Protein chains: 2
Amino acid sequence: MVKITDVARHAGVSPSTVSYALSGKRPISEETRQRIAASIRELGYRPHAGARALASSRSNVLALVVPLRAGIHVPVVMQFAVSVVTAARRHDHDVLLLTQEEGEDGLRRVADTALVDALIVMDVQLHDPRLPLLRALDRPSVLIGFPATPEGLTCIDLDFKAAGELCVERLAGLGHRVVALVGSPPEVYVRGTAFAQRVVEGFTAAADRNGLASSVHPCEASPGAARRVAEQLLREQPALTGVVVHNEPILEPLIDAFEQLGLRVPGDLSVTAICPDELAEGVRVPVTSIAIPSAEVGARAVELLMKKLGGTDVPEATLLAPRLTERASTACRAAP
Amino acid sequence: MVKITDVARHAGVSPSTVSYALSGKRPISEETRQRIAASIRELGYRPHAGARALASSRSNVLALVVPLRAGIHVPVVMQFAVSVVTAARRHDHDVLLLTQEEGEDGLRRVADTALVDALIVMDVQLHDPRLPLLRALDRPSVLIGFPATPEGLTCIDLDFKAAGELCVERLAGLGHRVVALVGSPPEVYVRGTAFAQRVVEGFTAAADRNGLASSVHPCEASPGAARRVAEQLLREQPALTGVVVHNEPILEPLIDAFEQLGLRVPGDLSVTAICPDELAEGVRVPVTSIAIPSAEVGARAVELLMKKLGGTDVPEATLLAPRLTERASTACRAAP
DNA sequence: GCGTGACGTCGAAGCGCTTCGACGGGGGAA
DNA sequence: TTCCCCCGTCGAAGCGCTTCGACGTCACGC
């Protein structure tokens, strides 16, 4: 293994000079810097991560806690993970993968052993048991998602409440008077998963504000469940003309079910969804949707952490405004 | 931060004794060990990962390279990742997440800086550019998947060739004489992704061996594409009665398409698939399938690495035998 | 002409842990 | 009884890097 002293000798300087040339924490003359760079290249020097971490008390590693619970949509999680890794690399950091399963002990472990400098936590519950720990930890963290009491924490997410509202506003604007929300699987709400709850809040608030008749239906992520919900909706709300879907896997089956029940989309029924763009575009009838900006959220989460690591204050809450993309699944309500 | 010297002082022993008590690398009397354990608990001691890595030249971190290419099925990747993390934790290791994007440089970086002790590489191509690097690296690695020349590497995967064969054998055993393989998206084959290729090999070999008429159809992962393939199959192979699907997202749409074209499954058409069990079971007509044993592959990959890290020799190739689970989508061919 | 910084570099002291060699004491073999 | 060896423990020497204080040099202002 080639070490910093080898580089120093080769370049005819002291190890500390090499270190400063690398970190830029003290001025080094252009000429010396060049010489050191050449030696590094020639010898193929790579600083030892452990030694660096020990001496600088910075590991340049971030922890990412990914959920693997029932009812969450895996591709979205993966998108977050990838965007976090990519963003972290831009800041010369790596990402350690933790599963939800490890729970609080896992967080404490990687933080206390100084394996990681900071933490990113996904799939936050409204009353997440990890919150006290995260507040107490001596390492900065960012939550992707909002708990009920985000005080003292740094959180970022799509503004799901606004997303729920926006879907309804759009339907109301198109003249729809009876709307329904087909939501995530029941267990997601039972757990108090924040983002799902907030969609419901927004949906309901906007429906009330606009004087719409509305209902909310959690739904398992299976085509069979989608069909049953469709049938139930027709039965219970025969005047229904607007549907908001917040459940990726059943978006397509649900639309199929409606059509098989004789409802054309968007002729008889307008559908909006909160889901990744790829999905909304991939359906037979492309769906008007609000995307989950996973790339942006991941990148911004990392930026927030970097700022915190740098000692800069950051806002506690970052809510990304929803943006609705008009596609083929929405239309004005047909004259009654 | 509480360190090993604090524990030592508190327990009335030397730091090295604490270290040995923790690692078990030298005998320590039961009594002393108890005392040390108590001190550790009381003080909340956690060994500093960087210091440990520096002194022992072991970071207890594994790198996992996940693919994020077009055409791969994300949930399966996630399953692998989770099972790797879980298995790694059982061996007191953590997992660093690398994206394919980082490529060879990323592998070299984490290996050369001693950030990780060993590497797990997914989504191996038949002629993967990373192979020479992996062979040359001073750290052990395991590939999930088989390249064309696996010599000098440690590889593990489901035996996809046998899986392809098994699907055909099963269909042949049920009396089917004309079969088709609906495969992964074309780009997967173009890239030479090993597992996809091997399914084709196995499928073709078994079809020939059994004297079946057969054809192979790569297929985009969209319902529209599924429908087009279904129509094409009916047109080109009107006598078709057996289909093997190796493309998770279109399994259900494809069956729907067949039924809409008037073919009942399994009445007119028997379908087998290579896909996760959850998917096979979630379809309206549960599909006879060969599961991708991601949990087992991930766990075994980690075991292999641990053995290699321990200096034990391991077999170069580990092929997991496919196991076919009979479900509702297969039946004997109707009398002609 | 001399004090004063700023600049560029060096040396040394750790960071917290593991590990190697050494050592005292007790028990078994001779 | 003597010798040897093993068990349990200690002390010290690093692991490879960063960082702090110090030092010489040079340019500048007065």
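This is a predicted model: local features need pLDDT of at least 70, side-chain atom pairs count only at pLDDT 80 or more; totals for chains, interfaces and linings use all residues.
Colleague: Why is strand β1 of chain B described as largely enclosed by the rest of the structure?

Modeller: Six of the six residues of this strand, residues 61–66, are buried, so the description applies. Strands (E, at least two residues) and helices (H or I, at least four) are DSSP runs, numbered from the N terminus.

Colleague: What makes β1(B) and strand β2 of chain B a pair?

Modeller: Two strands pair if DSSP finds at least two bridges between them. β1(B) and β2(B), residues 94–99, have six bridges in the parallel sense, and B:L64 stands opposite B:L97 in β2(B). The chain passes from β1(B) to β2(B) through helix α5 (residues 74–90) of chain B, a right-handed β-α-β crossover. That term requires a clockwise path from the first strand over the helix to the second, with the strands pointing away from the viewer. β1(B) is also joined by four bridges to strand β3 (residues 118–121) of chain B, again parallel; here B:L62 stands opposite B:A118.

Colleague: Why is B:L279 counted as partly exposed?

Modeller: The relative accessibility of B:L279 is 24%, so this residue counts as partly exposed. B:L279 belongs to helix α13 (residues 277–282) of chain B. Leaving aside residues up to four places away in sequence, B:L279 touches B:E248 and B:L251, contact being heavy atoms within 4.5 Å.

Colleague: How do you know that the reach of helix α14 of chain B is close to that expected?

Modeller: The expected span is 1.5 Å times one less than the number of residues. For the 16 residues of α14(B), residues 294–309, that is 22 Å, and the first and last C-alpha atoms lie 22 Å apart. Buried residues of α14(B), among them B:V297, B:A301 and B:L305, pack against β1, α5, β3, β4 (141–144), β5 (155–158) and β11 (317–320) of chain B. Just after the helix, B:G311 has a positive phi of about 90°.

Colleague: What makes β7 and β12 of chain A stand at the edges?

Modeller: The open sheet of six strands has the order β7-β6-β8-β9-β10-β12 in chain A, with mixed pairing. β7 (213–217) and β12 (324–325) each have a single partner strand, so one side of each is left without a neighbour in the sheet. For β12(A), two bridges join the strand to β10 (residues 288–290) of chain A in the antiparallel sense, and A:T325 is the bridge partner of A:S289. α8(A) packs on this sheet, touching β6 (178–182), β8 (242–245), β9 (270–274), β10 and β12 of chain A, and its direction makes about 165° with that of β9(A). Such angles run from 0 to 180 degrees between N-to-C directions, with axes fitted to C-alpha atoms, for helices over the stretch in contact.

Notes: Residues are numbered from 1 along each chain as its sequence is written. Chains are lettered from A and ligands numbered from 1 in the order in which they are written. Side-chain values use heavy atoms; hydrogens and water are left out. Buried means under 20% relative accessible area, exposed over 50%, partly exposed in between (1.4 Å probe, protein chains only).
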